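Colleague: I would like to learn how to read a model of this kind with some care. Could we go through it one feature at a time?

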Protein chains: 2
Amino acid sequence: MTDMNDRLNQWLRDAHAMEEQAEQMLDAQARRIENYPELKARIEQHISETRSQKQRLEACMEKRGTSWSGMKDLAAQFSALMQAAGGMFAGDEVVKGSMASYTFEHLEIVSYRILVAAAEAAGDAETARVCEEICREEEAMASWLQDHIPQVTQAYLMREATDSGAAKR
Amino acid sequence: MTDMNDRLNQWLRDAHAMEEQAEQMLDAQARRIENYPELKARIEQHISETRSQKQRLEACMEKRGTSWSGMKDLAAQFSALMQAAGGMFAGDEVVKGSMASYTFEHLEIVSYRILVAAAEAAGDAETARVCEEICREEEAMASWLQDHIPQVTQAYLMREATDSGAAKR
């Protein structure tokens, strides 16, 4: 038997580790993009949002009297996940990178939806509100990617048909 | 330099391997779920859809004169990805399983959006139409999960607070 509050604390720690991973992944992506300036700018904006999201999660956990340290195991699992995904990014890097970002955004979206439901069940309205707010930001990023991925794909294909070096990034 | 048609063929093969992986993952999930009958039924429905999607992709590739065999590398990468994800499913299995399904649906959605854009760029209207159609089915599954995950989460937390064995699956 596990108490709802314990489970909610655990999921908040998971979300915090997920944002750590998101920051690393977005950072690496933004640094590598050269020829897709709009995409690079939107990713950079989302890096700032991600840092602020981490802080807001920390504030929730502090208020709940729980800590976010010691998440090395989960972070390592996420890294393995991303390393496995990374193996698929050869050649058509910017397209596969956008695909990974879009997918990861939805991992974040569903995590926050679960947290909202869990915080409501545990009667923690403030944590529910913060997770709802972060979820909206993740949805905005996902929706931006959804709108722009077709044009990134077509720009990539055009460039690849003429000059594969510039197309990739 | 890579021809658009070659790249489209490669992405269609990737999508086919992805559906293979989806079928395995959904199958394993449906078999393990015991106490969430609605979720189990929706997953089972989506297994049939997934099989039909594979066949529709095969028909597109046949028409394009390309084959979908020899995808062992990508399939292996996907398995590594899922194995890494699987490490996170201890304890709160039904919640993490739903999270994985929702995330994987969005990997599928973005893949088909990319394929639609690529097929349009390559002037293959039939492949664009089929990928659009499959995308709608993936979106319907994702939307069902999105609507039901809060209640699965809360049912799980209630059960876990009283009887952890039944809650998990």
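Colleague: What share of the contacts in chain A with a separation of 6 or more comes from residues 24 or more positions apart?

Modeller: Two residues are in contact if their C-beta atoms, placed from the backbone, lie within 7 Å, and in chain A residues 24 or more positions apart account for 75% of the contacts with that separation of 6 or more. This is a predicted model, in which local features need pLDDT of at least 70 and side-chain atom pairs count only at pLDDT 80 or more, while totals for chains, interfaces and linings use all residues. Residues are numbered from 1 along each chain as its sequence is written, and chains are lettered from A and ligands numbered from 1 in the order in which they are written.

Colleague: How many helices and strands does chain A have?

Modeller: Helices (H or I, at least four residues) and strands (E, at least two) are DSSP runs, numbered from the N terminus; chain A has six helices and zero strands.

Colleague: How many residues of helix 4 of chain A are buried?

Modeller: A residue is buried if 20 or more other C-beta atoms lie within 10 Å of its own, exposed if 12 or fewer, and partly exposed in between, with C-beta atoms placed from the backbone. By that criterion 25 of the 29 residues in helix 4 of chain A are buried, whereas buried residues make up 43% of the 169 residues in chain A.

Colleague: With which residues is A118(A) in contact?

Modeller: Leaving aside neighbours within four places in sequence, A118(A) is in contact with R7(A), L8(A) and W11(A), and also with T153(B) and L157(B).
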